[in-house]
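Let's take a walk through this protein together. Have the sequence and the 3D view handy, and follow along as we go.

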Amino acid sequence: MPLSGILVKQVTIKSDGDVFHEILRSRPHHISEMSPDSIKGVDLHEGEWGVVGSVINVDFIHDGKAKVAKEVIEGIDEEKKLVCYKVIGGDILEAYKTFLLTVQVETKEEENLVTWTFHYEKLNENVDDPNSLMDFCLAVTKDIEKHHL
């Protein structure tokens, strides 16, 4: 069983794709207001909101447990409406050696397609693929959408 993997899921949102991208890029600290049952808080640890190299701390509830993720903004592509975060600390790294999250918004006519991509390496073969974490991200995406409709 391979230890490295890529998991990709997409969800269509009816809310504005540019606004969604802007929230994930520059205002992730507002997500706790849009998805209060899942995201308890997002704090700036180092740098500036929406700037590559900045570090954020995310407090969240996953599988009924309070968890923390420390993430660095690895990349931002305005043209592709893409933001990439690398997990550098917290609960996720108890199961994964490396974990990279990319979220991209593609706008086609009236639809906005949000694509979440995880690149990860498990610590060992007993670690599950991060399907429940992906479901969590998709649920937060829908919460953000509901907030803006």
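What follows is a short tour that goes from one loop to the core, then to the aromatic rings and a pocket. Keep in mind that this is a predicted model.

Let's start with serine 54. You'll find serine 54 in the loop between strand S2 (39-46) and strand S3 (55-62). Now look at what its side chain meets. A polar atom there lies 2.7 Å from the backbone oxygen of glutamate 48, and the backbone oxygen of valine 51 lies 3.0 Å from a polar atom of the serine 54 side chain. Leave aside the neighbours within four places in sequence, and serine 54 is still in contact with Leu44, Glu46, Gly47, Glu48, Glu71, Val72 and Ile73.

In soluble globular proteins, nonpolar side chains tend to be buried together. Here the largest nonpolar core has 36 residues, and Leu24, Phe99, Trp116 and Phe118 are the ones with the most contacts inside it. Helix H3 (residues 131-148) supplies the largest share of this core, 7 residues. Zoom in on phenylalanine 99: not counting residues up to four places away in sequence, it touches Tyr85, Lys86, Val87, Ile92, Phe118, His119, Tyr120, Pro130 and Leu133.

Now for the aromatic rings. How many aromatic pairs are there? The count comes to 5. Take phenylalanine 60 and phenylalanine 136: their ring centres are 5.4 Å apart and their planes sit at 50°, so this pair is tilted. It also ties together distant parts of the chain, since phenylalanine 60 is in strand S3 and phenylalanine 136 is in helix H3, 76 residues apart. Both phenylalanine 60 and phenylalanine 136 are buried. Tyrosine 96 and phenylalanine 99 make an edge-to-face pair, with 5.2 Å from centre to centre and 65° between the planes. Tyrosine 96 and phenylalanine 99 are both buried too. Ring pairs also join Tyr96, Phe99, Phe118 and Tyr120 into a cluster.

Last stop: the largest pocket, which holds about 250 Å³ of space. Which residues lie nearest its centre? They are His62, Lys67, Ala95, Tyr96 and Ser132, out of 14 residues that line the pocket. Helix H3 turns up again here, giving the most to the lining of the largest pocket with 3 residues.

Technical notes
Residues numbered from 1 in each chain as written. Predicted model: local features only at pLDDT ≥ 70, side-chain atom pairs only at ≥ 80, totals over all residues. Heavy atoms only, no water. Helix = DSSP H or I, 4+ residues; strand = E, 2+ residues; numbered from the N terminus. Polar contact = N/O pair within 3.5 Å; in protein donor to acceptor, adjacent residues only side chain to side chain. Contact = heavy atoms within 4.5 Å. Core = buried A, V, L, I, M, F, W, Y, C linked by side-chain atoms within 4.5 Å. Buried < 20%, exposed > 50% of the residue type's maximum accessible area, 1.4 Å probe, protein only. Phe/Tyr/Trp six-rings, centres within 6.5 Å; stacked < 30°, edge-to-face > 60°. 1 Å grid on protein atoms, 1.4 Å probe; cavity = no way out; pocket = protein on both sides within 12 Å on 5 of 7 lines; lining within 4 Å. Points joined across faces, edges and corners; volume = space filled by probe spheres on them.
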